[in-house]
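Trainee: Could we go through this structure in questions and answers, one part at a time?

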Amino acid sequence: MPAENASTPGTGPVAVSAGSPLLRVDDLHTSFHVAAGEVRAVRGVSLTLDRGRTLGIVGESGSGKTVLARSIMRLNIGGNVSTSGNVEFEGRDLLDLPLKAMKNLWGTELAMVFQDPMTSLNPVVRVGRQLTEHVRSNLGAGRGEARQMAIDLLREVRIPDAEARLRAFPHELSGGMRQRICIAIALACEPALLFADEPTTALDVTVQHQILNLLGREQRDREMAMILVTHDLGVVAGRTDDTIVMYAGKVVEQAPTRVLFTEMRHPYSEALLRSIPRIGQRSHTRLSAITGRPPDPIDIPPGCPFSPRCPYVQQKCREEPPPLVAAGDGAGGASHLSACWYPVGTDAGRDAFARNLADRLPQTVVVAEGSEFAESAAANAAAEATAANGSFEGGGA
Amino acid sequence: MGRLIAGRMVRLVATLLLVTFVTFMATSLLPGDPVNALIPIEAQQDREFVEQVREEWGFNDPLLVRYGRWLGDAVRGDLGDSYVTGRPIIDEITPRLPVTGELMVVTVLLGILIGVPLGLVSGYREGSRADKAVSAVAQFGLSIPNFVLGLVLIYVFAIKLRWLPATGWTRISDSVTGNLKSVAMPAIALAVAEVAVYLRVLRSDIISTLKENYILSARAKGLKDRFILFRHALRPSSLTLTTLIGLNIAGLITGTIVIEQLFAIPGLGRRLFSAVFQRDYMMVQGLTVLLAAAYVIINATVDFIYIAIDPRIRRRA
């Protein structure tokens with residue numbers, strides 16, 4: 001059982017940047033063909049992830065982040081899915097791999113922790129078997145070996161009385177315990193890359209923190225790469241090396257996590273940040289929700305998909321989709337990308353905002369009224385990003 | 001678990017009391033005098049003789065007294081005598097029970113052995129050609145009445161091919177192959193509908209189970225499809241099927257009436273049929289007790305199987 005070393009800062013993995021990254025996704029598109037038309041869930045996402053590094057994917061429900069994660073693993077099963085682009089993992093092109101070869105990577109090289117631990121475990125199968133059945137079938141471990149491994153795994157994810165728990169059924173355990181077990185299952189075959197798809201969304205607030213810490217510790221100890229999918233910018237703050245913000249199936253901003261919080265460029269990222277409640281806020285402060293809804297993925301408007309809800313929106317945004325380009329001269333350098341014609345924190349952005357405010361554009365007025373809060377929230381988050389988890393230091397900058 | 005069993009026993013007794021009481025009342029309220037079943041038509045004109053018989057058999061006593069008397073005897077294992085043959089009901093039932101029992105068991109086994117694999121395949125390959133073919137066959141099996149199927153079987157296998165006897169019954173103690181030959185056609189005629197129902201229920205449950213999150217997480221773990229299907233999907237999908245099999249077994253006790261009649265099989269169903277026509281109410285009453293007990297016992301068994309299948313039910317039970 002590895003020692004708890006979350007308190008020891010600066011022991012982050014040394015990025016093995018010898019040649020190609022662990023995962024390279026290039027222009028990935030995923031669509032679902034339904035009766036109403038083509039649901040374009042992921043529309044041209046590119047990203048890279050090195051061994052032992054962590055990446056956060058943030059966006060609202062329906063932004064395509066879960067589909068993106070599942071597309072990379074090719075877990076979107078069903079006849080109506082089509083995926084195109086390039087997914088290179090450990091030098092192999094996953095999308096071209098025969099399904100059988102792909103299945104051999106599931107569990108062993110690529111593993112996933114799902115959103116809802118209440119439904120992710122089979123209710124009629126004992127925990128012990130669910131923990132190691134794939135170790136036995138994938139790696140050919142024997143019964144006794146598997147049992148010992150299950151006990152070790154349970155101890156590692158801090159489940160007390162591990163031996164007795166092997167005989168438990170999932171319904172006999174709490175949500176936090178079940179998620180710990182799901183994590184243990186995902187870790188069992190020592191994957192090189194772990195997807196954590198909203199791993200804390202279904203859990204109590206107090207448990208969320210523990211689960212995130214557990215994931216962070218395992219990621220570090222095992223020098224495993226991790227993609228953390230969440231709708232909560234506060235979750236990635238201080239927990240991932242890099243962050244991607246997704247909207248309507250596209251990357252709208254991408255940066256080392258610390259840079260994202262200090263030099264946020266995209267209005268959508270800013271809006272997400274504004275919607276996180278803060279402890280420093282006076283009680284009964286109104287939470288700043290983003291007005292409107294994400295676009296219908298069957299009928300995405302031309303131009304910037306965020307334009308109907310954006311407080312900075314200009315005519316150009318409604319007509320021309322902004323490309324994902326380097327977000328200027330900030331600390332992020334070339335690793336900070338943003339897709340916006342009038343980025344936050346630039347003169348163009350400030351002018352656009354002022355014009356909209358003068359025109360009393362509703363979403364702009366709403367933001368302006370909560371502005372002093374927005375500034376303090378950004379400052380808070382930036383402080384958190386640098387202080388919260390020292391071991392994620394040493395980003396790409 | 002002990003409490004559960006005790007609870008079932010109480011339910012069994014209560015059900016038996018209620019069912020026998022209702023049957024007793026119902027048969028007594030039917031038009032027609034049971035005495036007519038007891039004495040030959042010539043003798044029915046003799047008022048004095050009829051009255052004497054009525055007195056002897058206790059037909060003149062109040063209904064509740066008669067029920068009480070029947071119940072008292074029944075508790076001691078005496079279900080009374082047949083009005084028609086005069087023999088004890090128990091002796092009439094005992095030799096017929098294994099006949100219907102065997103027919104039921106073979107029917108249900110055929111249903112499970114054929115229906116479950118077909119249901120699994122068509123649920124797993126939903127929308128495939130195999131699934132559509134199976135569904136079409138199931139539709140056909142459900143629409144054709146079992147006696148029509150029985151007639152077709154008799155025509156083909158007994159009359160044309162002369163492989164199987166058209167009617168009658170050979171006991172297993174007399175000849176095993178003879179017994180199998182006599183059970184084959186009636187069991188097949190009954191089993192076709194069972195297969196169709198089982199496979200349909202299992203198919204739809206498999207389809208919905210395969211959409212569960214735990215199936216996706218089992219896939220993401222790298223488990224093989226077949227392993228997922230058998231170890232993760234089949235068990236949670238078999239609850240409805242278990243209920244249905246239980247209900248159908250109980251239903252077959254009477255469901256065999258027409259088939260036993262068609263194949264001239266000396267089973268319980270046929271006896272019940274003739275007992276109703278001959279106003280042999282004591283026999284009807286005896287068979288009712290048996291039926292009710294079978295229903296309750298089968299339902300209790302289904303409940304226990306439920307508990308074995310789904311551990312979440314254990315706490316609630």
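What follows is a short exchange on a predicted model.

Trainee: Is strand 8 of chain A enclosed or open to the outside, and how many of its residues are buried?
Mentor: A:Ala225, A:Ile227 and A:Val229 point one way from strand 8 of chain A, while A:Met226, A:Leu228 and A:Thr230 point the other way. Both sets are buried. The strand is therefore largely enclosed by the rest of the structure, and the count of buried residues is six of the six.

Trainee: Which residue is the bridge partner of A:Val58 in strand 8 of chain A?
Mentor: Strand 3 (residues 54-58) of chain A runs parallel to strand 8 of chain A, and five bridges join them. For A:Val58, the partner in strand 8 of chain A is A:Thr230.

Trainee: What unit do strand 7, helix 8 and strand 8 of chain A make?
Mentor: Strand 7 (residues 193-197) of chain A pairs with strand 8 of chain A over five bridges, in the parallel sense. One of the pairs across these strands is A:Leu193 with A:Ala225. Taken with helix 8 (residues 205-222) of chain A, the two strands make a right-handed β-α-β unit.

Trainee: Which are the edge strands of the open sheet of four strands in chain A?
Mentor: The strand order in this sheet is 2-1-4-5, with antiparallel pairing. At one end, strand 5 of chain A pairs with strand 4 (residues 81-89) of chain A over two bridges, and A:Phe89 stands opposite A:Arg92 there. An edge strand pairs on one side only, and those that do so are strand 2 (37-49) and strand 5 (92-93) of chain A.

Trainee: Which element gives the most to the side of chain A that touches chain B?
Mentor: Between the chains, 25 residues of chain A are in contact with 19 residues of chain B. Elements giving two or more residues to the chain A side include helix 2 (99-105) and strand 6 (110-113) of chain A. The most, four residues, comes from helix 4 of chain A.

Trainee: How many nonpolar residues has the side of domain 1 of chain B that touches domain 2 of chain B?
Mentor: The assignment gives domain 1 as 1-96 + 275-317 and domain 2 as 99-266 of chain B. There, 12 residues of domain 1 are in contact with 13 of domain 2. On the domain 1 side, two residues are polar, two are charged, and the nonpolar ones number eight.

Trainee: Which helices of chain B do the buried residues of helix 15 pack against?
Mentor: Helix 15 (residues 281-309) of chain B reaches 41 Å, close to the 42 Å expected. Its buried residues include B:Tyr281, B:Ala292 and B:Val296. The buried residues pack against helix 1 (2-29), helix 5 (89-93) and helix 14 (268-277) of chain B.

Definitions and conventions
Residues are numbered from 1 along each chain as its sequence is written. Chains are lettered from A and ligands numbered from 1 in the order in which they are written. This is a predicted model: local features need pLDDT of at least 70, side-chain atom pairs count only at pLDDT 80 or more; totals for chains, interfaces and linings use all residues. The expected span of a helix is 1.5 Å times one less than its number of residues. A residue is buried if 20 or more other C-beta atoms lie within 10 Å of its own, exposed if 12 or fewer, and partly exposed in between; C-beta atoms are placed from the backbone. Two residues are in contact if their C-beta atoms, placed from the backbone, lie within 7 Å. Domain bounds come from an automatic or database domain assignment. Ala, Val, Leu, Ile, Met, Phe, Trp, Tyr, Cys and Pro count as nonpolar, Asp, Glu, Lys and Arg as charged, and the others, Gly among them, as polar. Two strands pair if DSSP finds at least two bridges between them. A crossover is right-handed if, with the strands pointing away from the viewer, the path from the first strand over the helix to the second runs clockwise.
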